[in-house]
Amino acid sequence: MDRVVYDRMAAHDTTHWWYRARREILSDYLKRYGALPSQAKILEIGCGTGHNLPMLASFGDVDAIEIDESAGKFAAERLGKPIGTSPLPELAGVGRGGYDLVAVLDVVEHVDDDVGALEAIASLLKPGGKILITVPAHQWMWSAHDVVNHHKRRYSKGTLVAALEKAGLKWRKLRWFNSLLFPAAVAARMVGKLTGKDDSDDSPPARPLNAVFETIFRLERHLLGRVPMTPGLSIIVLASPKG
């Protein structure tokens, strides 16, 4: 990702509506469907500034990997221990077969070989272990945001399922999310393209609007996995090795 993306993440990941509501949604999703053992062994790959690590730590003992040095230092301060630096798909030096959960949250879209990355991630799991995956949705939503984030692709449900199958993974509770605000996001994206103002700035909006967006997005924690969701900006799934 461009340096500015990490800088904005560090500045806003405790206040921006998207980060705040998303953590609650992910936490509730894991509580309902993760079936993790007490004090699970957890790894987050591509942890950025570590904004998800406290949430994941509520489920067990967390390790993390981040290839950006500055973001990794920030994450290490939050986690209270060193952060690994091994990139996907190699994951050199990361112990195989040791984790109950590996979280890759908006990560695999950054990797050229997403199938190889998923295969490598699966090798890190204990028997019965799971991968928590989120990805950005809809290739037609491609914008300057994807460029500065160094995305290789956005996914449909079909392309994500195809990658999971090629990697030898089964899945459950594959769902759209960030659906309630999707119409507004599409409108903003289309206006930006039509006016030539396709903006990559993901700083938070004014405080009142930030609060409104957070309230709306947070509602999805009650819906995700329980009711069918209309298309959204992202896709979430729990995956595990077949057999």
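This briefing describes the sheet, the salt bridges and the nonpolar cores of one protein structure. The model is predicted, so local features need pLDDT of at least 70 and side-chain atom pairs count only at pLDDT 80 or more, while totals for chains, interfaces and linings use all residues. Residues are numbered from 1 along each chain as its sequence is written, and side-chain values use heavy atoms, with hydrogens and water left out.

**The sheet**

- An open sheet of mixed pairing is formed by 6 strands in the order β2-β1-β3-β4-β6-β5.
- Helices (H or I, at least four residues) and strands (E, at least two) are DSSP runs numbered from the N terminus, and two strands pair if DSSP finds at least two bridges between them.
- The edges are held by β2 (60-65) and β5 (169-177); each has a single partner strand, so one side of each is left without a neighbour in the sheet.
- From one strand to the next, the twist averages 20 degrees.
- Axes are lines fitted to C-alpha atoms, for helices over the stretch in contact, and angles run from 0 to 180 degrees between N-to-C directions.
- Strands of a sheet pair through backbone hydrogen bonds, either parallel or antiparallel.

**Strand β4 and its surroundings**

- Strand β3 (residues 99-105) pairs with strand β4 (residues 125-136) in the parallel sense over 6 bridges.
- Within this pairing, Y99 has L125 as its bridge partner in β4, and V104 has I133.
- The chain passes from β3 through α5 to β4 in a right-handed β-α-β crossover (with the strands pointing away from the viewer, the path from the first strand over the helix to the second runs clockwise).
- The pairing of β4 with β6 is antiparallel, over 6 bridges, and L132 has L238 as its bridge partner in β6.
- In β4, 9 of the 12 residues are buried, so this strand is largely enclosed by the rest of the structure.
- Buried means under 20% relative accessible area, exposed over 50%, and partly exposed in between (1.4 Å probe, protein chains only).
- Helix α7 (residues 157-166) lies across β4, β5 and β6 (234-241), and runs at about 160 degrees to β5.

**Salt bridges**

- The whole structure contains 18 salt bridges (a side-chain nitrogen of Lys or Arg within 4 Å of a carboxyl oxygen of Asp or Glu).
- K126 and D100 meet in one of them, at 3.5 Å from N to O; K126 belongs to strand β4 and D100 to strand β3, 26 residues apart.
- K126 is partly exposed, with a relative accessible area of 32%, whereas D100 is buried at 13%.
- D114 and R153 also form a salt bridge, at 3.8 Å from N to O.
- D114 lies in helix α5 (residues 114-122) and R153 in the loop between α6 (144-148) and α7, so the pair ties together parts that are 39 residues apart in sequence.
- A network of salt bridges links R20, E24, D28, E214, R218 and R221.

**Nonpolar cores**

- A nonpolar core is a set of buried Ala, Val, Leu, Ile, Met, Phe, Trp, Tyr and Cys residues joined through side-chain atoms within 4.5 Å.
- The largest nonpolar core has 66 residues, of which I45, I131, I133 and L164 touch the most other members.
- Helix α2 gives the most to this core, with 7 residues.
- Not counting residues up to four places away in sequence, I131 touches residues including L101, L118, L169 and V237 (contact means heavy atoms within 4.5 Å).
- A second, separate core of 5 residues includes M141, F182, V186 and L233.
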